[in-house]
Amino acid sequence: DYQLKVFNEEVNGENCTDYASTPENIALKINPKPIPVSTVNFPTASSITYGATLADAQLSGGTADSGSFAWEDGTTVPTVGNSGYTVVFTPNDVINYDYSGVSGWDSTTKTVRRVVAVPVSKATPDMALQASPSEGSLVGERVTLTAVLTGVSAGGSPTGSVVFKKGDTILGTVPLSNGKASYLWKDVPYGQHKLSVEYTGDTNYEEKKGNFLNYEVGKKNQSPLTITGVPKKLVYGDADFTLGAKGGNGSGALSYTLESGDGISIKGNKVSILKAGTAVIKVTKAADDTYNETSEVIRITIDKAEPVIQKSPSINGAKAGKTLQELSLEKLKAYGVDGK
């Protein structure tokens, strides 16, 4: 800017004596002719992982000697496969250089704005597998399996689906909602099961496998057994009898064993009496795929039998004056249950 002073001192080359000198200050601005700039080379962005901000994507290259580059919003979290984000170029000199012909020139802010691609790789989420009830369950019950996926703090929750598996068998595929998915496992079988969950991945998160949970499913207990077929009173010499049982559960076979005593013998479920005394019988219902083994015992008593005694013996040599000890009894016998 310049100040131009004008004095009325000469008219046509002669001094002007009729008028007083009246200086006038006139502001005179001389605009330079700017040098046109035809192009600005923008930088490239470094690769980042999903969850990082644009500020983490370093800008390199470009026409850095004639200005500076910066992200329009460095707090933005770029997504994988993005179409780019705005970089702002601020020229060092907009008086002597004309950027109006440059693509992306903003005359209001006197900056050049362009979209720069940002290479973003997928993040790997944290994943956990939970079971309820957590301490194991019993055959035939229901177990709820829940997968919890945690994404990066600055990004969104993982989306997509998870696959619940038992060993190599797929139990079910469930979509995620707010990073969680649950599957109801019905009629769980007996045994130690290796459960796992696999994440199929989405636009911003890698797929993930190998989260395992060992889960034990136990067998149920049977209802109590009741031994049947035992007579209320047993006497030496009684006929064989057949044992049975009521109660219990499942398809396990029944078996009968002699726990103590030698007065009986057991073959299968048939009991034979050998002599008087006591004995303990045990009945067992075997386990199956659903129920544990169960058993019950019963103590039995075999009473002595009454022998058969001859009631009409003959008396030989009976004479007056003899004692009973001197008399001879004939045909006086006692017979046992075997006729001997």
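Tryptophan 185 is in contact (heavy atoms within 4.5 Å) with Glu141, Arg142, Val143, Leu145, Lys166, Leu171, His193, Leu195 and Tyr215, leaving aside its neighbours within four places in sequence. The structure is a predicted model, in which local features need pLDDT of at least 70 and side-chain atom pairs count only at pLDDT 80 or more, whereas totals for chains, interfaces and linings use all residues. Residues are numbered from 1 along each chain as its sequence is written, and side-chain values use heavy atoms, with hydrogens and water left out.

The secondary structure of the protein comprises zero helices and 35 strands; helices (H or I, at least four residues) and strands (E, at least two) are DSSP runs numbered from the N terminus. Of the 340 residues, 30% are buried, a term that denotes under 20% relative accessible area, with exposed meaning over 50% and partly exposed lying in between (1.4 Å probe, protein chains only). Among contacts between residues at least 6 apart in sequence, 56% join residues at least 24 apart.

A nonpolar core is defined as a set of buried Ala, Val, Leu, Ile, Met, Phe, Trp, Tyr and Cys residues joined through side-chain atoms within 4.5 Å. The largest such core contains 45 residues, of which Phe42, Trp71, Val118, Leu145, Val162, Phe164 and Trp185 touch the most other members. Strand 17 (residues 143–150) supplies the largest share of this core, four residues. A second, separate core has 14 residues, including Phe241, Tyr256, Ile264 and Ile300.

An open sheet of three strands, paired antiparallel, has the order 25-29-28. Strand 25 (241–242) and strand 28 (264–267) stand at its edges with a single partner strand each, so one side of each is left without a neighbour in the sheet. Pairing requires that DSSP find at least two bridges between two strands. Strand 28 is joined to strand 29 (residues 270–273) by four bridges in the antiparallel sense, with isoleucine 266 opposite valine 271 and lysine 267 opposite lysine 270.

Aspartate 288 is located in the loop between strand 30 (277–285) and strand 31 (294–303). This residue is buried yet has no salt bridge, and the nearest side chain of opposite charge, lysine 219, is 5.9 Å away. A salt bridge is a side-chain nitrogen of Lys or Arg within 4 Å of a carboxyl oxygen of Asp or Glu; Lys and Arg count as positive and Asp and Glu as negative, while His and the chain ends are not counted. A polar atom of the aspartate 288 side chain lies 2.7 Å from the backbone nitrogen of serine 251, and the side chain also reaches the backbone nitrogen of tyrosine 291 at 2.7 Å. Apart from neighbours within four places in sequence, aspartate 288 is in contact with Lys219, Gly250, Ser251 and Gly252.

Threonine 284 belongs to strand 30 and is buried, with a relative accessible area of 12%. Not counting residues up to four places away in sequence, threonine 284 touches Ala253, Leu254, Ser255, Glu293, Thr294 and Ser295.

Note on methods
Polar contact = N/O pair within 3.5 Å; in protein donor to acceptor, adjacent residues only side chain to side chain.
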